[in-house]
Amino acid sequence: RLYTVARSLDWHGSWMTEEHLMFKESTRKFMEAEIVPNTERWAEQGMVDRDFWYKAGEAGLLGASAPVDFGGAGVDQSFDAITTYEQARSGDAGWGFGVHNICLHYVVAYGNEEQKARWLPGLISGEIVPAIAMTEPGTGSDLQAVRTSADKDGDDYIINGSKIFITNGQQADIVIVVAKTDKDAGGRGISLIVVETANAEGFERGRNLKKLGMKGQDTSELFFENVRVPRANLLGDEEGQGFIHLMLQLGWERLAIGIAAIGAMDSMIDETLTYVKDRKAFGKRLMDLQNTRFKMAEAKSKLDVTKAYINECMVKLIDGELGPVEGATAKWWGSQMQCEVADECLQLHGGYGYMMEYPIARSYADSRVQKIYGGANEIQKELIARSLED
């Protein structure tokens, strides 16, 4: 059947089944009912309401691709892609769903049965809010240079170090910490260790960082001073697998950034069309002026070309064939197009576009970080360039 919506722009793909469309419709209704009315308030308070996580869990958004045995729906990540798109399409960039989804898949992929039983039900219900602690004050995209250490002490690790720019940091109940279990082994000395924050003596949350955009998303400094964690909280079969685990997940993580980009572009173009069709200048609607029409045509073309590539990546994702190069391309291209569309759409709003009461102003500010997190776009281009030499 055809999927009809009130808005003029939407995401379609040949890979979408009847189940995808039904999930898409229910997810959109959830976003319109639970996110849209609260976006500005969350931006003011610097984080989403804690009980919103429970609502998302009840709506089935947190565990779509989690195993049925632990309370999930047992479907593939294409359903997570729809949630990512619909959140961005709603005009929100505050809720930390993307990081939640990343953490959930680390537990699914690398956790043992005891770890899955301990953490997955809470992640799926919203009872557990997760974070992943990669970035440090002195390291950004160079994950091999992390200095946070995890030293063995009997049946425990003793973690020392600090992290920065950690999404969900203020609310996180578990933190997947990227740490060195062997300081002399470079990337082969990196492990992923789960810190349960409620009883972690020596763990402290820093301030909720004030950002250019994404103001409704709590982003924190985290500090670890002799934090004792059971060695049973190591993700993976043995130490030193953390860097490999990170690399294996990056294809999906970066594709998700591209998916968020097309959702944001749909939202911004839709908002701008409404504005230019209503606003008049020189006795005409802005939409009747040739410059406006050309700019809107350019924005729509950038969006459609990006959607075509994202859909190609979605087919590969569903078939288990998505590689790091595809993810890198989706990430850098999607975020670049998103920022270009944001700039042109704001310009078409004129002075009103610079006012924060207009959604385009918030979207413009929210868009900029897409070219930075998940690995800066320069890193993505380097990965693509290396593939040309193979």
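Contact here means heavy atoms within 4.5 Å. The structure shown in each view is a predicted model.

**View 1. Helix H8 from end to end, residues 290-318.** The helix has 29 residues, which at 1.5 Å a residue should span 42 Å. Just after H8, glycine 320 adopts a positive phi of about 75°.

**View 2. The buried residues of H8 and the helices they pack against.** Along H8, the buried positions are Thr292, Met296, Ala299, Leu303, Thr306, Lys307, Ile310, Asn311, Cys313, Met314 and Leu317. Their packing partners are helix H4 (78-89), helix H7 (242-278) and helix H9 (324-348).

**View 3. The largest cavity and its lining.** Searching the whole structure for cavities of 30 Å³ or more gives 1. The volume of the largest cavity is about 40 Å³. Lys295, Glu298, Ala299, Lys302, Glu340, Val341 and Glu344 line the largest cavity. Ala299 is also among the buried residues of H8.

**View 4. Helices and residue classes in the lining of the largest cavity.** At least two lining residues come from each of H8 and H9. H8 provides the largest share, 4 residues. By class, the lining holds 5 charged residues and 2 nonpolar ones, with no polar residues. Charged members of the lining include Lys295 and Glu340, while Ala299 and Val341 are nonpolar.

Definitions and conventions. Residues numbered from 1 in each chain as written. Predicted model: local features only at pLDDT ≥ 70, side-chain atom pairs only at ≥ 80, totals over all residues. Heavy atoms only, no water. Expected span 1.5 Å × (residues − 1). Buried < 20%, exposed > 50% of the residue type's maximum accessible area, 1.4 Å probe, protein only. 1 Å grid on protein atoms, 1.4 Å probe; cavity = no way out; pocket = protein on both sides within 12 Å on 5 of 7 lines; lining within 4 Å. Points joined across faces, edges and corners; volume = space filled by probe spheres on them.
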